Amino acid sequence: MIDIRLQIKQKLYIGLNSRNKTSIVLILLLSLINIKGISQTNSDLLQYKEFVNKDSIANNISYLESFGSRYAFNPNNRTIALWLRDKLQSYGFDSRLDSFYIDNFVFPYNSDIVNNSWQYNIIADKLGIYSEDTAIILGAHYDSYGNRDTNYFLSSPGADDNASGVAAILEIARLYQELNLKPIKTLRIELYALEEAGLRGSYHAVTQALLGQMHIGTMINLDMIGYNDSLNLNTFSIIEYSNSTEIADLAMSVVSNYTDLTPYRTFEKNQNSDSYSYNSWGGKAVFLHEGGEYPFYHTSEDNLNKLDLDYLRKTTQIAFALIYHCVNTNDYYPIGIKDINKKKIEFRLKNNPIKESIDFYYNGKVNNSDYIIIRDSFSRIVLKDKLEKYSIGGGNYSINFPNLGDGLFVISIGELNKKFIYLKK
């Protein structure tokens, strides 16, 4: 997260509106109210969120730390960007570098150090199956800056600021692949360079998105989400803007419905991170941030062992649930589909011939009364059981059949049928 003093010095944006103090107090009072009724709990999400893996998140933070410093003007900035691009590509996202050039930029401020450098945002899309040109943006900056007790070129590990936000996004991307989730609107991931020097990466990204005529429903920003302050234990900040009440309402509801954390709603710090770039262009945005203050901010001690991985798992679940509500349902920024559940039902076998287990994908809504039926070549039923019993999450199913004899079989779900051949090892 950018230091507010750097932002004031840089003066990248003009015409900042002063906030009405009475409105801020009212918002803070409203944040104490239980608002679970705003959005119904999604039964699929209750299952999906359990797939968030804190070890996977920790491994990605550790890898980002291993670069030593992610200071934006280090020679390794392209290497880091390529690693992030390839990681998102491996999760099935259409990923690319969006390069921009910084010319004659004095940073650190008042240092007389002039920087001329290519910088690299990472843009990754999972296109919506109903509306490709309507995007919900999930963003975080990946650069770091440890200037308070260290040489920022050599030691800027940036575990909380902001490997925590980046690792959470990588985990969400992994889940979209593992659970075979298909958004109805486009899910766009943006990882920004040069946040610590005036939000320049996100400012470039929003201008490019607007030039590309993308309809942006909202921008969800993750910045410093892994530290559980003992004085503000288990709190989580929803930082909003004057035009983002609806998405902030949804975020508050998500925290209450899917975790045991206490949401805290505020306008504080809303100019300090990349969501402000979108807001400055009139876009709706929300900034997700840990509760309390981080004592190792912008130091060489901002490393993985300072973070609470159980807390970070919960904050990642919040981000995952919020993005799911935005892109996989019509809860936020509806796209004019009369009945979103009238999508084509997909039923496909993952392996055929089958030697041991029948693995298949089925994206229909499953009720307690739905059965899976398997018949042999003489139409004799060899299995009839509740479909939900074999679910492994995300529309994926697996049935073990170690004693089934060789032959041709038909597997049925309602009126949908697939033939398969079973062969023993």
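**Helices side by side**

A: Happy to! Helix 5 (residues 77-90) packs with helix 6 (residues 159-178) at an angle of about 25 degrees, and their axes are 9 Å apart. That angle makes helix 5 roughly parallel to helix 6. Angles under 35 degrees count as roughly parallel, over 145 as roughly antiparallel, 65 to 115 as roughly perpendicular and the rest as oblique. This is a predicted model, where local features need pLDDT of at least 70 and side-chain atom pairs count only at pLDDT 80 or more, while totals for chains, interfaces and linings use all residues. Residues are numbered from 1 along each chain as its sequence is written, and side-chain values use heavy atoms, with hydrogens and water left out.

Q: Which residues of helix 5 and helix 6 make the contact?

A: Helix 5 brings Trp83, Leu84, Lys87, Leu88 and Ser90, and helix 6 brings Val166, Leu170, Ala173 and Gln177. Contact means heavy atoms within 4.5 Å. These residues divide into 6 nonpolar, 2 polar and 1 charged. Here Ala, Val, Leu, Ile, Met, Phe, Trp, Tyr, Cys and Pro count as nonpolar, Asp, Glu, Lys and Arg as charged, and the others, Gly among them, as polar.

Q: How do you define a helix, and an axis?

A: Helices (H or I, at least four residues) and strands (E, at least two) are DSSP runs, numbered from the N terminus. Axes are lines fitted to C-alpha atoms, for helices over the stretch in contact, and angles run from 0 to 180 degrees between N-to-C directions.

Q: And at what angle do helix 4 and helix 5 pack?

A: Helix 4 (residues 54-65) and helix 5 pack at about 155 degrees, with axes 11 Å apart. They are therefore roughly antiparallel to each other. The contact takes in Asn60, Tyr63 and Leu64 from helix 4, plus Trp83, Leu84 and Lys87 from helix 5. By type, the residues of this contact are 4 nonpolar, 1 polar and 1 charged.

Q: Which residues of helix 4 are buried?

A: Ser56, Ile57, Ala58, Asn60, Ile61, Leu64 and Glu65 are buried in helix 4. Buried means under 20% relative accessible area, exposed over 50%, and partly exposed in between (1.4 Å probe, protein chains only). The cover over these buried residues includes helix 5, helix 6 and helix 10 (309-327).

Q: New topic: what about Ile399, buried or exposed?

A: Ile399 is buried, because its relative accessible area is 2%. You'll find Ile399 in strand 14 (residues 396-400). Leaving out residues up to four places away in sequence, Ile399 touches several residues, among them Glu356, Phe360, Leu383 and Ile411. Ile399 and Glu356 are 43 residues apart along the chain, yet their C-alpha atoms are separated by 8.6 Å.

Q: Where are the cis peptide bonds you'd point out?

A: One joins Phe107 and Pro108, with omega about -5 degrees. Pro108 is in the loop between strand 1 (94-106) and strand 2 (114-126). Another cis bond runs from Asp161 to Asn162, with omega near 10 degrees, and Asn162 is in helix 6.
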